[in-house]
Amino acid sequence: MIEIVKYPQQEQWQLYARRAAEVDETLRGNVARIIDDVAARGDKALIEMTERFDGCRIDSLKVSEAEIDEACVQVGEDLRSAIKTAAANIEKFHAAELPAEVSVEVMPGINCRQKAVPISRVGLYIPGGNSPLFSTVLMLAIPARLAGCKEVVLCTPPRRDGTIHPAILYAAREAGITSIFKVGGAQAVAAMAIGTESISPVFKIFGPGNRYVTEAKVQVSTRGVAIDMPAGPSEVMVVADSSANALFVASDFLSQAEHGADSQSILLTTDERLAMAVADNIDMLLARLPKGELARQSLSHSHIIVLHDDEEMMQFANYYAPEHLIINHAQAERLAMMVENAGSVFLGAYSPESVGDYASGTNHTLPTSGYARCYSGVNIDSFMKKITFQRLTRDGLASIAPTVTVMARNEGLVAHSLAVEVRINEQ
């Protein structure tokens with residue numbers, strides 16, 4: 001049975017908010033060597049690593065149109081329909097996020113504007129191992145297209161027969177992606193960051209992955225390439241009261257636990273009976289999971305925590321800063337007003353986290369490991385940068401000249417002051 005912790009003191013909270021272990025120096029060094037090898041040998045290094053790490057020999061990194069055509073035929077009609085529905089919802093929500101241009105006359109004769117422009121070249125990493133994440137293709141490719149990114153590169157590891165999972169290629173075509181490459185792991189991140197003979201370098205890299213992928217993203221971010229966010233194992237926190245259905249809560253627990261052995265699930269409740277009932281339901285549902293062993297490993301470092309009241313639960317939730325926060329509570333909207341740190345929030349008994357993972361429309365690429373304290377999940381802004389403009393008339397410059405010249409000279413930057421003064425003194 002999963003551990004139930006009753007009424008821990010605040011000084012003990014850190015024990016139950018721990019995530020997976022930090023990256024060790026061996027992993028760090030291995031990733032650095034992979035990046036350096038890709039930088040030195042390009043496609044040749046990628047092909048050799050694909051054989052070594054993925055167990056397949058490929059002649060070409062790029063997925064051909066014929067391969068995409070063949071894969072799309074293999075996708076069943078029910079999955080095609082599901083992908084289309086999810087894509088429509090994701091597009092509708094993210095289109096609503098598109099920013100409007102800002103234009104303000106801050107003083108007479110001084111107009112300031114801000115305009116959002118797309119990042120011209122972006123790279124998407126899509127895991128393909130035990131769980132080929134075709135849903136992540138939609139979550140990343142659709143906002144990239146809506147933002148107006150001119151070039152979108154997608155990398156995903158091949159299967160042992162050298163093919164890509166058909167649903168990944170179908171989702172890519174549905175989202176309008178054509179530059180798809182059979183390469184995974186840290187080497188894929190290196191290729192998108194540095195560029196090879198086949199893969200164009202990009203300016204920003206998105207997408208989840210294992211520890212090697214995550215560490216590679218961190219390392220290339222020091223080489224002039226942006227990344228979406230630091231990432232770690234997936235996690236969910238459920239805040240529930242006595243009104244919650246224990247079976248619902250247990251299913252939410254396990255939907256996260258099956259992601260991997262290092263995933264984490266936490267229940268916060270004020271009801272000891274619910275805590276026991278959820279634990280019993282978890283044991284019952286585990287037997288129905290094909291990935292039950294993975295879930296069991298995840299549950300070994302997951303917790304059910306009983307706290308005194310709603311305020312303490314929300315205080316702990318903000319301390320933990322979960323990737324996914326489910327508020328299954330009779331007063332979910334009231335508790336939602338207390339949320340400060342979370343990637344995405346699911347309100348009420350009928351809002352499971354799995355809906356946000358696939359099809360509600362919000363993005364599922366979210367900050368983990370406590371980074372929700374300072375990072376947002378992926379959104380339209382993630383694929384854009386904002387540029388400011390200003391235009392001053394002569395009278396506008398004259399009105400602000402004393403402010404600028406006094407500030408510039410007091411900072412010891414005389415040339416800054418002169419750039420204003422020569423204009424004001426012009427005959």
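1. Helices α2 and α3 are oblique to each other. Angles under 35 degrees count as roughly parallel, over 145 as roughly antiparallel, 65 to 115 as roughly perpendicular and the rest as oblique. Helix α2 spans residues 25-41 and helix α3 residues 43-54; they pack at about 135 degrees, with axes 6 Å apart. Axes are lines fitted to C-alpha atoms, for helices over the stretch in contact, and angles run from 0 to 180 degrees between N-to-C directions. Helices (H or I, at least four residues) and strands (E, at least two) are DSSP runs, numbered from the N terminus.

2. This is a predicted model: local features need pLDDT of at least 70, side-chain atom pairs count only at pLDDT 80 or more, and totals for chains, interfaces and linings use all residues. Residues are numbered from 1 along each chain as its sequence is written, and side-chain values use heavy atoms, leaving out hydrogens and water.

3. On the α2 side of the packing, I34, D37, V38 and R41 make the contact (heavy atoms within 4.5 Å). From α3 come D43, K44, A45, L46, E48, M49 and F53. The contact residues divide into six nonpolar, no polar and five charged. Here Ala, Val, Leu, Ile, Met, Phe, Trp, Tyr, Cys and Pro count as nonpolar, Asp, Glu, Lys and Arg as charged, and the others, Gly among them, as polar.

4. The whole structure holds 19 salt bridges. The criterion is a side-chain nitrogen of Lys or Arg within 4 Å of a carboxyl oxygen of Asp or Glu. One network of salt bridges links E25, R28 and E215.

5. K6 pairs with E272 in a salt bridge, the closest N and O atoms being 3.2 Å apart. K6 sits in strand β1 (residues 4-6) and E272 in helix α11 (residues 272-286), 266 residues apart. K6 is partly exposed at 48% relative accessible area, and E272 is partly exposed at 34%. Buried means under 20%, exposed over 50%, partly exposed in between (1.4 Å probe, protein chains only).

6. E174 and K84 form a salt bridge at 3.3 Å, N to O. E174 lies in helix α7 (residues 166-175) and K84 in helix α5 (residues 77-96), so the pair ties together parts 90 residues apart in sequence. E174 is partly exposed at 29%; K84 is partly exposed at 43%.

7. R409 and E421 meet in a salt bridge at 3.1 Å, N to O. R409 belongs to helix α16 (residues 394-410) and E421 to helix α17 (residues 414-424), twelve residues apart in sequence. R409 is partly exposed at 42%, and E421 is partly exposed at 21%.
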